[in-house]
Amino acid sequence: MNEATQYKLKLERLGYHQFRTMERHPTNYLCKGVSTGTTILAVKFNGGVIIGSDSRASVGGSYVSSKVINKLIQIHDKIFCCIAGSLADAQAVTKMAKFQLSFHSIQMDSPPLVKAAASVLKELCYSNREDLEAGFITAGWDKKRGPQVYTVSMGGMLLSQPFTIGGSGSTYIYGYVDAKYKPDMSREECLQFATNALALAIGRDNVSGGVAHLVVITEGGVEHVVVPGEKLPKFHDE
Amino acid sequence: MSRGSSAGFDRHITIFSPEGRLYQVEYAFKAINQGGLTSVAVRGKDCAVVVTQKKVPDKLLDASTVTHLFRITENIGCVMSGMTADSRSQVQRARYEAANWKYKYGYDIPVDMLCKRIADISQVYTQNAEMRPLGCCMIVIGLDDEYGPQVYKCDPAGYYCGFKATAAGVKQTEATSFLEKKVKKKHDWTYEQTIEIAISCLSMVLSIDFKPSELEVGVITAKDPRFRILSESEVDANLVSLSERD
């Protein structure tokens, strides 16, 4: 690896994602095989959380390797996480997190806290930060604190937020979510909010697309909602 | 060779005696009786049940924290007989083995594989001179995808086997003969019959008329494969129907 690429890797690790542009030739693209250029989000509403993502997996920014992958991984009964970054890394980390969480919950004889799930992911991301390239959004419901949303960045930072967006497509919708988010929305309002956000991001980001996967998690259980591409809301220029 | 018992360390560590016995393993079996409890497990046509006594010797103890039934995975549970600390250690290891299997192979561990793994670990203790065998006996129940409900028992010697019905603990022999008589007549019992047999076995053998707070019952059924510990009211209902039948 020459100095230029080493430097670029270091900057990327520190968060300078501008280096991932379309103009880059695929062989220079420092991706680990299949990557999820993606849009992921999670939003808290009154009584639950909605976690959502697009469904496109791409290699090198120009080849869509899958139109329908599910980036919403269930790591426990009422805790989901969505993945961004290298698919292989994300799958390995979520598999390990599932193992640790199931063991933890059997020992405790109760479902794990969402914070515990997020902490497990954070620990895996941070301890292996040199080798991994995956970020997560964890959302779920537990008896102690109700609905929660956590974000675990690629380097291993853990943060709790009322809503969060991630992935390459998220840059196009910061304005929308900042303007339109209200605390304590109803389930329907929140579903509309999340679907709109995903539709807008998919509309502008070339590495996000396919269908919108949404999961609604409440005390009562888990509900999957899939919005196919043609049913996504359309905006003025479409 | 005709010296009889040896003057060596065969009673102190797990090495062979001149007669070919492992004294430490035999002592481990005796240690199971130290717990003073008996447990019974029965396999029905589409369910498996474990029952054990619940003795709370000290009035200061919080009865809700005293238990010998443990969940190992969502769909596998066990009853431990013998020394409590050794039991907990073995359960912890079983939980880890089950979770590790799921992580490595992507599917839930079958009951017999779990029992085999625990038995293999117990066998290692019978060969290692530096570690003693654990003084506890584990009876595992679970629902197998292919073979239906299963009851497996593994002991400190590292031996394990599947059973139609089995018992462990102080009154093991009496309980086993009671169960043998029942199994001879028929052995595809319904859920209610299975629980009744397990509870009546304990009752007969220990000559105790149980109250719901003195029993712990764990069940797995084909309809609900999750390992479930019955609440006091459910145990009460079963005891009532048992006494009405008599």
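Modeller: Contact here means heavy atoms within 4.5 Å. This is a predicted model, in which local features need pLDDT of at least 70, side-chain atom pairs count only at pLDDT 80 or more, and totals for chains, interfaces and linings use all residues. Residues are numbered from 1 along each chain as its sequence is written, chains are lettered from A and ligands numbered from 1 in the order in which they are written, and side-chain values use heavy atoms, with hydrogens and water left out.

Biologist: Is Thr38(A) buried or exposed?

Modeller: Thr38(A) lies in the loop between β1 (35-36) and β2 (40-45) of chain A; strands are DSSP runs of E of at least two residues, helices of H or I of at least four, numbered from the N terminus. Buried means under 20% relative accessible area, exposed over 50%, and partly exposed in between (1.4 Å probe, protein chains only). Because its relative accessible area is 0%, Thr38(A) is buried.

Biologist: Which side chain does a polar contact of 2.7 Å join to that of Thr38(A)?

Modeller: Leaving aside neighbours within four places in sequence, Thr38(A) is in contact with residues including Asp54(A), Lys71(A) and Asp205(A). A polar contact is a pair of N or O atoms within 3.5 Å; within protein, one must be able to donate a hydrogen and the other to accept it, and residues adjacent in sequence count only if both atoms are side-chain atoms. The side chain joined to Thr38(A) at 2.7 Å is that of Lys71(A).

Biologist: How far apart in space are the C-alpha atoms of Gln172(B) and Asn33(B)?

Modeller: Gln172(B) lies in helix α4 (residues 172-185) of chain B. Gln172(B) and Asn33(B) are 139 residues apart in sequence, whereas their C-alpha separation in space is 9.4 Å.
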